[in-house]
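Student: I have a sequence and a model open on my screen. Could you show me how to read a few of the features?

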Amino acid sequence: MKDFFKYTLATITGIVITFLMLSLISTLLFASMLALADKQEVVVKQGSVLQMNLNYPIKDRTPQNMPNFFFSDMVTPIGLHDILETLDKAEKDDRIEGIFLNVSNLAAGSATITEIRDALEDFKKSGKFIYAYSEVYTQKAYYLASVADKVFLNPVGFIDFKGLNAQVMFYKNFLDKADIEVQILRPEGNKYKSAVEPFFMDKMSEANKEQTSKYLDAIWNTYLAKITKSRKISMAQLNEFADNLVGMDAKRALGANLVDELAYLDQVYEAINEATGNPKEGKITAITLAKYKTAKLENEKKHTSKDRIAVIYASGQIVDGKASDQVVGSIRFAKAIRKARLDKKVKAVVLRVNSPGGSVIASDVILREMRLLKGVKPVIASYGDVAASGGYYISCFADKIVAMPNTITGSIGVFGMIPNFEGLLNKKIGITTDHVSTNKNAGFPNPFKPLNTFEAAEMKRHVTDTYFNFTRLVAEGRGMQREEVDHIGQGRVWAGSDAIQIGLIDEFGGLEKAIEIAAEAAALEEYRIKKLPKNKSPMEQLLDMVSGEQSFSKLEKTMGPYFRYIETLNNVQKMQGIQARLPYDIYID
């Protein structure tokens, strides 16, 4: 009987293992089949409309293809760079008659949307049309849609056009009730480095309100100026519409010229068919952005040049070590920059930064490689939605910095936080701690005791020296005096439209503009793009899913705008050492 159970258990275990292995092999085979399918030639019918449904978080870079059956929404995300290249291709393609922009809630930053909007404006110069439709336009969605020749709104829909709002959550009262002390460390004069404020204040400081108000106004004015140009509505009128929530009623929105027509989707299809001369009823001849991305132009010239421009994508929080695709790991990015420097085919480099910063040590490791790179090749920095603090640190030695007017940048400053849980453990829970040490500071820092006078002074010296070094490096990289950098630094956040006036950036433009400047600097007429760091393969992503690495991406898709709160907590728990980071996570709605 004993042997019976032993053999039975072994048989069951073998069956389970075999089933799992067969499932994994089947999954990989299916993934390979999908990858091969993606490589098949895409047929674009004459008179087609490019359909853009940007209903996913838009990153700078398209991720490596994953089998879509892992995600219930079946979304194929296309990165910003590929969106811009696809729009440029559609402009030249005689088979594409126009664009159908079906947008509602855009999960993208202000600068990213502006880059796409500028590319759509270029597309219109070809004489082709753009029609936009939505049942409900969020503010960002309307900003993008306003570029269209015709903006359609569902008859019972609305436009959430109301102005920009930045809200900060404060934890002081909660920490007081829990008897948790957060010991704040920031250099003298870093009054704008307000990342620490939520932990010891219950509202925004005047300095923080000042900087937030200034960059919000700059971003809002960028929105208004472009909408004014497209819709022929003055900025004063637009502000009046926002104050009175005119867009919340479809008929009032139509009367205010915010939209051109109130229509249902089938009526929009009729308008598109009329524009294309397509006799079909109830549907349109359309090709999705994801599918058209791989389409070939007729008589398209194949690029044969061996010369490359490397685009290095630095997206996410800057952390120590290798890290995942969602953050900027110092080891992984230093390796990517080194690879670009040693590759003889790479003639110039664009560092694409979309990061709020992070670890000072990790930022410095990356900057070291950037300085070595600059010594041998032209380096252009391209800023996305956010390139601040550590994000500015790693790019300040670039030959030229290119950003959008509504890019968030600056935040040249540092801070440190050391929690003290003694009150929570001792007074609230009844837990005490004790220790034995070989040296008097062996337990430093101790999360269960407050800093003593010596420890506090040592930490203050450390953050002060770090800030001095930060401003010194920026001054050297930007050709300024350290005192000048300190004056515009102190942790202050700037919009691109202000940053260009104080010397933090050199020129307005997006990623494509930065690549053009890099090509000109390297005297290249023909070149190909090399994207770094190398994306993880579908196999590596599959293994990440098994190990839980992909859970954050899945969670972002599931939770939408509410994912930001989980991301903030996750970023806090990843912080180690002194931080060169934005004062808080900025989400502009």
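Student: Is serine 382 buried or exposed, and why?

Tutor: Keep in mind that this is a predicted model. A residue counts as buried when its relative accessible area is under 20%. Serine 382 has 0% relative accessibility, so it counts as buried.

Student: Where does serine 382 lie, and which residues does it touch?

Tutor: Serine 382 lies in strand β13, residues 379–388. Leaving aside residues up to four places away in sequence, serine 382 touches Val350, Leu351, Arg352, Val353, Val402, Gly510, Leu511 and Ala514.

Student: Let's turn to strand β3. How many of its residues are buried?

Tutor: Seven of the nine residues in β3 (residues 129–137) are buried, so the strand is mostly covered.

Student: Which strands pair with β3?

Tutor: Strand β2 (residues 96–102) runs parallel to β3, joined by five bridges; there, glycine 98 has phenylalanine 129 as its bridge partner. Strand β4 (residues 150–159) also runs parallel to β3, with six bridges between them, and tyrosine 133 stands opposite phenylalanine 152 of β4.

Student: What do these strands make with the helices?

Tutor: Right-handed β-α-β units. One is made by β2, helix α3 (residues 110–124) and β3; another by β3, helix α4 (residues 139–145) and β4.

Student: How far apart should the ends of helix α2 be?

Tutor: Work from 1.5 Å a residue: the 13 residues of α2 (residues 80–92) should span 18 Å. The end C-alpha atoms are 19 Å apart, which agrees.

Student: Which residues of α2 are buried?

Tutor: Among them are Leu80, Ile83, Leu84, Leu87 and Ala90. In general, residues three or four places apart point the same way because an α-helix has 3.6 residues a turn.

Key
Residues numbered from 1 in each chain as written. Predicted model: local features only at pLDDT ≥ 70, side-chain atom pairs only at ≥ 80, totals over all residues. Heavy atoms only, no water. Buried < 20%, exposed > 50% of the residue type's maximum accessible area, 1.4 Å probe, protein only. Helix = DSSP H or I, 4+ residues; strand = E, 2+ residues; numbered from the N terminus. Pairing = 2+ DSSP bridges. Right-handed = clockwise from strand over helix to strand, strands pointing away. Expected span 1.5 Å × (residues − 1). Contact = heavy atoms within 4.5 Å.
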